[in-house]
Each structure stands twice: as C-alpha cells, then as structure tokens.
Amino acid sequence: MNYNLIMSNLSSFAVVGAGGVGGYFGAKLAQAGKQVHFLLNSDFAHVKQHGLQVTSIHGDFRLNHPNVYATSADMPACDVVLVCLKTTHNHLLSSILPPLLHAHTIVVLIQNGLGMEQDLQHHFPHLRIVGSTAFIGASKPEPGHILHQDNGWLTLGNYSGVDDETLQALATHFAEVGVKARITDLAVARWRKLVWNVAFNGLSVALNTTTDQLVFNPHSRLILLQLMHEVIEASHHLQLSETIPMEFAEQMLVATEQMSAYSPSMRLDYLHGRPLEVEYLYTRPLQEALAAGYEMPTVQMLERQLRFLTK
C-alpha cells in the first residue's frame, strides 16, 4: 500500500482520558491541525467554554475551541483512539470504545503496567491494538490546564493486527507535531518502564515522599535498587527479545536525579483519594514472573503494602 495513503488513513484521533498525559499528546496533535476529539469528564464544561491551556517546557499554547465531549456516544468513529485512562478505569472501556470504532480503528494504550492489551483483546477480539509507554512529566493541576514539566516522548509496539508500515505512519504523525515516537518490541518496552514505575510509584506512596527524596536518601535509594533489580531479573526469566542489563537500574536513578522533583502519579492518586494502579503495575508482573519461575519478594511486599493502603 502507498505510504501516503496509509498516512491519510490515520487522519482522525480520539483521546480517552485527557488528563496530563492524554491532554498533552492530544493537544499537540490538535495544535498542528490534526483532527482530534477529546473525551472529558469533570472539566468538560470548563474546556468547552474556556478552551484547553498547555503550559509546557517546549512552549505554551492554548486550544481555544477543541472538539470536546462528555460521552463517547456523541463522538465520531476515529482512525486512532489514544487510551490514556488510569488502568483502574479500564473496566469502562467496554462501554466507552464501541462508538469510537470502525473496521480499521487502531487503539493505542498509553498506560503503565502489564496485561492491559490482553484484557482489552478479550473484550474486543478483532480490535487492532498498539501498546505504548509514555516518558513524560505532565499533570492537570486545575480544570482545562495541562502542565508539562519533563520529557514528552512515546514508545509504540504492536500487540495485534498492525503492520510495520502502519505503525511507522502512526509514529510519523507524532513526529510531525514534535512528539518523538520510537517503535519497539512491546514486551521489552513494558518491562523497561516497569523498572522505574514499580520502584518510584509504589515507594513514593509507602514512604509518602517525592522522587528527589527517594533517590538522594541513601536508605530509600537501596530499596529502589532492590526493587529495580528484581524487576530486571524477572525480565531475564521471560526471555524477552532484548535483554535489559542490570546497569539499567543505576541509569534510571541517575536520570531521576536530573529530573525536577515531583510526586509520581500513584502518589498523586493516593493523596487525592483515588484508586491506585496496583493490579497492572504490581500484581500482573508478579504473576508473570512467578509463572516463569522467579519470585520478587521485595516487589511483593510493596504490593501488599499498597493493597493495605487502598483499603
């Protein structure tokens, strides 16, 4: 198929979960003139009246009249659906997605954790699914305001039904709006992201602190390393297409030292009384590692602490 035709077949985007991550990537697409439709929840009325403001390290901008909807039933079917919900809301996708889908729609899960694609495929057997990890520091501090503080790029990995040319076309759409999108093996990308997420998200909740305190305190730093090493060792037992080296843990700590101090998403959820993403960030990786013959005792202890705190 002609590459330009493939690009044109990916001309409309829906954003499900327009918080910091979804709001930023969707706004970048819309700012560049792409056809983008946002499904909003609590700030629908505000954005409808006042627009969407993005404060970004790459330059501030405003969408004065974005396409916003309070329910997916009012939205058109789109070529690409970006799912940026917290995984604690994935049970809603069975009712949210149908109005957004046509025969060739691609659903991109920009989420943290493991096993989301498998669960979604169970509900939609013929759906074309791409898994994605986001490397970005973004939040929504107030209605209609996206605050982008660090990074801002994606990985894209095919899970089902998406050929290499189409995946490359999707990456090109992001590149055209200033968002780097790297195509990679999905399983490797998921486990590489878990190395940071398992350590910093859960420990920031358990110790009630921010990334800088965790990484610079010698005692919490040792816990971070133990958690990271267990995740990396688990990935080795899974025989992924790419081996994650043990040195990757220290690299993640050094990278975090250079980032602005902030509260990971799980800590923000905890402080605001929202459900925590324990299932896909901790329980599923523990189960997959155990099935491969490897136990992660420190990760399991943290998972149990988080389960306690969610009660």
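Student: How far apart are the closest N and O atoms in the salt bridge of Arg274 with Asp269?

Tutor: This is a predicted model. A salt bridge needs a side-chain nitrogen of Lys or Arg within 4 Å of a carboxyl oxygen of Asp or Glu. Arg274 and Asp269 form such a pair. Their closest N and O atoms are separated by 2.8 Å.

Student: Is Arg274 buried, partly exposed or exposed?

Tutor: Its relative accessibility is 40%. Buried means under 20%, and exposed means over 50%. Arg274 therefore counts as partly exposed.

Student: Which other residue forms a salt bridge with Asp269, with the closest N and O atoms 2.6 Å apart?

Tutor: Asp269 lies in helix H11, residues 265-271. Its partner is in the loop between strand S6 (80-83) and helix H4 (93-96). The two are 183 residues apart, and the pair links distant parts of the chain. The partner is Lys86.

Student: Which residue forms a salt bridge with Glu257?

Tutor: Glu257 sits in helix H10, residues 247-257. The partner is in helix H9, residues 218-237, and is 36 residues apart from Glu257. The closest N and O atoms are 2.8 Å apart. The partner is Arg221.

Student: Is Arg221 buried or exposed?

Tutor: The area for Arg221 is 17%. The limit for burial is under 20%. Arg221 is therefore buried.

Student: Which residues are linked in a network of salt bridges?

Tutor: The structure holds twelve salt bridges. Some of the charged residues are joined in a network. Its members are Asp119, Glu279, Arg284, Glu303 and Arg307.

Student: How do the residues of the contact of H12 with H13 divide by class?

Tutor: From H12 come Val278, Glu279, Tyr282, Thr283 and Leu286. From H13 come Val299, Gln300, Leu302, Glu303, Leu306, Arg307 and Thr310. The contact divides into six nonpolar, three polar and three charged.

Student: At roughly what angle do the axes of H12 and H13 cross?

Tutor: H12 spans residues 278-291. It passes H13 in a left-handed crossing. The axes come within 10 Å and cross at roughly 145 degrees.

Student: How does H7 lie relative to H13?

Tutor: H7 covers residues 186-206, and H13 covers residues 297-310. Their axes come within 10 Å and cross at roughly 45 degrees. That angle makes H7, relative to H13, oblique.

Student: How many charged residues does the contact of H7 with H13 have?

Tutor: H7 brings Val198, Gly202, Leu203, Val205 and Ala206. H13 brings Val299, Leu302, Gln305, Leu306 and Leu309. By class, eight are nonpolar and two are polar.

Student: Which residues is Ala199 in contact with, leaving aside neighbours within four places in sequence?

Tutor: Ala199 is found in helix H7. It is buried, with a relative accessible area of 0%. Contact means heavy atoms within 4.5 Å. The residues that Ala199 meets are Leu194, Leu224, Leu227 and Met228.

Student: How far apart in space are Ala199 and Ala77, C-alpha to C-alpha?

Tutor: In sequence they are 122 residues apart. In space, the distance from C-alpha to C-alpha is 38 Å.

Student: What is the phi of Asn208, roughly?

Tutor: Asn208 is in the loop between H7 and helix H8 (211-216). At 47% relative accessibility, it counts as partly exposed. It is not a glycine, yet its phi is positive. The value is about 55 degrees.

Student: Is Gln239 buried or exposed?

Tutor: Gln239 is in the loop between H9 and H10. It has a positive phi of about 55 degrees, although it is not a glycine. Its relative accessible area is 72%, which means that it is exposed.

How values were computed. Residues are numbered from 1 along each chain as its sequence is written. This is a predicted model: local features need pLDDT of at least 70, side-chain atom pairs count only at pLDDT 80 or more; totals for chains, interfaces and linings use all residues. Side-chain values use heavy atoms; hydrogens and water are left out. Axes are lines fitted to C-alpha atoms, for helices over the stretch in contact, and angles run from 0 to 180 degrees between N-to-C directions. Helices (H or I, at least four residues) and strands (E, at least two) are DSSP runs, numbered from the N terminus. Angles under 35 degrees count as roughly parallel, over 145 as roughly antiparallel, 65 to 115 as roughly perpendicular and the rest as oblique. Ala, Val, Leu, Ile, Met, Phe, Trp, Tyr, Cys and Pro count as nonpolar, Asp, Glu, Lys and Arg as charged, and the others, Gly among them, as polar. Buried means under 20% relative accessible area, exposed over 50%, partly exposed in between (1.4 Å probe, protein chains only). A crossing is left-handed if the near helix is turned anticlockwise from the far one by less than a right angle, and right-handed if clockwise.
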